[in-house]
Amino acid sequence: MTVEAELLVLGGGIAGLAAAAELGARALVLERDDRPGGLVRTDCLQGYWFDHVLHLLHFGDAAVQARVQRLLGDVLAPCPPVAWIECEAGTVRYPFQLNLGGLEHGAAVQSLTDFARACFGPQSPEPPGDYQELLLRMFGETICRLFLLPYNRKMWRRPLDSLAPHGFVWNVARPRFEEALEGMLHPNAARPAYNTNAFYPRPPPDAPLRGMEVLSRALAGRVERLHLETTVEAIDPGARTVTARRGGERVRYRYTRECLCTLPLPAAMRMCAGVPAALAGAVETLRHNLVLSVFLAVRGPRPDSPGLWRYYADESVPFTRLVFMHELDPLSAPPEGWGLIAEITHPAECPLPPRDELLAAAHAGARRVGALPAGCEVVFAQLRVADPAYVVFTPGTAEVVKECRDFLDARGVRTVGRYGRWEYSSMAQVMGDAFAWADGVRGGEAG
C-alpha cells in the first residue's frame, strides 16, 4: 500500500503537530502512539491529573506567544514560575544565585564572596574545558558546592568533567554582581528569569481534559491528516519514501516535496538509507537521559505555597525535583487531595531499577524532605518513563549532531524539535521553529 503527501511529518509530538497545524491536507503526520502529543501528555488517574513530565509554557518570542494564545484562548492562564531550592544551607527561591540572602548567614557571605572573585578576579584566557569548570568559573566555589554541582550530578548522572561546556547551558545565566548583591540584601523576591513569562492551561471545572495535553490536543485538532499507531521503520530520502507499520500492515509513504523529521536524531539516522559507516558509528556515541516520573496521588490537606516545584541538592534524595500539580492547576485533583510528581533522571544506557523500588524510593524521599504534610496519605503511585528526555552533551556531541543534520538536510529531510535537532530547547522554542518551517513552506505567509 502506498500513501502520498506533499509534506510528510515524522512524529506527532508538539513539534510535528505545530508544523502541520496550518498546512491543511498538504501535510501528513505519522505518530507511533495511539494519541498525539509525544511527551506533552496528561493522564487522569482516579480523578488526579498528572503531566507525563513537567511542562511550563514560557515565551521569549511575542509572535509565538500570540499564535499559541489564539489557539488556546482564555484556557491558557499566566503561571509565574515560583520555585524553591533546598540545600544544606537553607531554602531559597529559584534562581539560587539571585537569592543568596535566604541562606544561613555564613553560607550567604561566602557565596557572595566567591561570586565576587568569579566576577572580578583573574580570568583565564582559555575557555572552560568541561561543564564543571564552566560552573565554577561562572559562580564560584560555594554556590557550586551548595547547589549547582550536587544538583547537576543528580541531573546528568555522569561525571560533570566528562560533559561539554555548552549545549545545555542556555538557562544557566550568571547575573551581574549588583543583581547578586540585591538578592543578598532582599532575598526570595520575584525576579526576572529566562522563564518568567510563563503560562499553564487551566480549563473550566467541567472540562474533559486538563494539563498540558490541552495544548497538544488543540494543535492536533488543526491537523487534517494524522495517522496514529504508525511506526516509522525506514527512511529513503533518495526515493522520497518512508516505510512504516500501521495496524499490522506495512505502508509505504511517498512525499512529493519535503520530509520533516521530529523523531530522535539517533533513531532517524539508524533508519535512514545511505548513511556512511563512519557517521553511523559516530551516531552511537550520542547519549541521553530518561526522566522517570513517579506520580503520587495524595489524600489530605494541600501544602501551603510550596511553589510550582522544588529542587533538591541532597544527593541521597533520589529525585531532582518535586512538582506540585495543584499549584499549576487547582482543579487537577479532587478537593480533598493533590498530586505530586517526583522526577528522577536516569542514563538511557543503564538498566532501569525495578518499578516497585522506584515507587518506594520516591515515596520515602518525599516523606523525608517534608513534602507530605501531617495528615496526608499516598493513595496510589504510578510510574511514567520519558525516553528520551534530556540530551547529554559530551565533547564530541556538537560535531556529530551537525554532521547528522547536514546529511539529512542535503537530502531534503528537515529536522525540528528538541529531539529531532538533538538539542536542549523549550516547548515554545520548539513550536517557534516548527511554525517557521511551516511558514517557509507557505512562502513566508504570516501565521
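Which residues are linked in a network of salt bridges? They are Arg35, Asp43, Glu213, Arg217 and Arg384. A salt bridge here is a side-chain nitrogen of Lys or Arg within 4 Å of a carboxyl oxygen of Asp or Glu.

This is a predicted model: local features need pLDDT of at least 70, side-chain atom pairs count only at pLDDT 80 or more, and totals for chains, interfaces and linings use all residues. Residues are numbered from 1 along each chain as its sequence is written, and side-chain values use heavy atoms, with hydrogens and water left out.

**Salt bridges**

The structure holds 34 salt bridges.

| Pair | N to O distance |
|---|---|
| Asp33 and Arg41 | 3.8 Å |
| Arg210 and Asp329 | 2.7 Å |
| Arg250 and Glu233 | 3.1 Å |

Take the pair Arg210 and Asp329, joined at 2.7 Å. Helices (H or I, at least four residues) and strands (E, at least two) are DSSP runs, numbered from the N terminus.

Burial is set by relative accessible area: buried is under 20%, exposed over 50%, and partly exposed in between (1.4 Å probe, protein chains only). Arg210 is buried, at 2% relative accessibility. Asp329 is also buried, at 2%.

The salt bridge of Arg250 with Glu233 has its closest N and O atoms 3.1 Å apart. This pair links distant parts of the chain: Arg250 sits in strand β13 (residues 249-261) and Glu233 in strand β11 (residues 230-236), 17 residues apart. Glu233 is partly exposed, at 30% relative accessibility.

Asp33 and Arg41 meet through their side chains. Asp33 is partly exposed at 22% relative accessibility. Arg41 is buried at 12%.

**Cysteines**

How many disulfides does the structure hold? The count is 0. Cys144 is in no disulfide; the nearest cysteine sulfur belongs to Cys119, 12 Å away. The cut-off for a disulfide is a pair of cysteine sulfur atoms within 2.5 Å. Cys144 is buried, with 0% relative accessibility. Cys350 is partly exposed, at 34%.

**Strand β7**

Is strand β7 (residues 83-87) largely enclosed or left open? Of its 5 residues, 5 are buried, so β7 is largely enclosed by the rest of the structure. In a regular strand the side chains alternate between the two faces of the sheet. Both faces of β7 are covered: Ala83, Ile85 and Cys87 are buried on one side, Trp84 and Glu86 on the other.

Two strands pair if DSSP finds at least two bridges between them. β7 pairs with strand β15 (residues 309-312) in the parallel sense, over 4 bridges. There, Ala83 stands opposite Trp309. β7 also runs antiparallel to strand β8 (residues 90-93), again joined by 4 bridges. Ile85 stands opposite Val92 of β8. β7 and β8 form a hairpin, with 2 residues between them.

**A three-stranded sheet**

An open sheet of 3 strands has the order β5-β9-β6, with antiparallel pairing. β5 (57-58) and β6 (76-78) stand at the edges, each with a single partner strand, so one side of each has no neighbour in the sheet. β5 and β9 are joined by 2 bridges and run antiparallel. Leu57 has Phe199 of β9 as its bridge partner.
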